[in-house]
Amino acid sequence: MARRQKVEDWLGDEYKLTKLRGWARRGLTNDQIAENMGIGRTTFYKWAAEDANFANVLKVDKDYCDDQVENALY
């Protein structure tokens with residue numbers, strides 16, 4: 001049986017953290033990121049609500065993506 005993933009598995013592993021940031025910067029939706037991570041939507045949103053570090057990683061990198069799109073429109 002496979003071990004259940006934990007948010008620390010993603011935040012504590014530089015390779016996984018880089019992948020997570022890349023998906024956010026490329027503009028993937030939260031549902032797409034959750035699928036890429038191999039976790040369910042419910043787990044993803046629970047992690048984002050309960051872990052400020054996880055939520056911050058997503059916010060910072062999604063904001064970067066949004067800024068790039070906004071700047072391209074000007």
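This is a short tour of a predicted model, one selection at a time.

**Whole chain.** Start with the protein chain in cartoon view. It holds 5 helices and 0 strands, in the order α-α-α-α-α along the sequence. The C-alpha atoms occupy a box of roughly 50 × 20 × 20 Å along the principal axes. Of the 74 residues, 27% are buried. Counting contacts between residues at least 6 apart in sequence, 52% join residues at least 24 apart.

**The core.** Next select Leu 20, Ile 33, Met 37, Phe 44, Trp 47 and Phe 54. These residues have the most contacts inside the largest nonpolar core, which has 16 residues. Colour the helices that give two or more residues to this core: H1 (7-11), H2 (14-25), H3 (30-37), H4 (41-50) and H5 (52-73). H2 gives the largest share, 4 residues.

**Ile 33.** Centre on Ile 33 and show what surrounds it. Beyond its neighbours within four places in sequence, Ile 33 is in contact with Leu 20, Trp 23, Ala 24, Leu 28, Phe 44, Leu 58 and Lys 62.

**H3 against H4.** For the contact itself, select Asn 30, Asp 31, Ile 33, Ala 34 and Met 37 on H3, then Arg 41, Phe 44, Tyr 45 and Trp 47 on H4. Coloured by type, the residues of this contact divide into 6 nonpolar, 1 polar and 2 charged.

How values were computed
Residues numbered from 1 in each chain as written. Predicted model: local features only at pLDDT ≥ 70, side-chain atom pairs only at ≥ 80, totals over all residues. Heavy atoms only, no water. Core = buried A, V, L, I, M, F, W, Y, C linked by side-chain atoms within 4.5 Å. Buried < 20%, exposed > 50% of the residue type's maximum accessible area, 1.4 Å probe, protein only. Contact = heavy atoms within 4.5 Å. Nonpolar A, V, L, I, M, F, W, Y, C, P; charged D, E, K, R; others polar.
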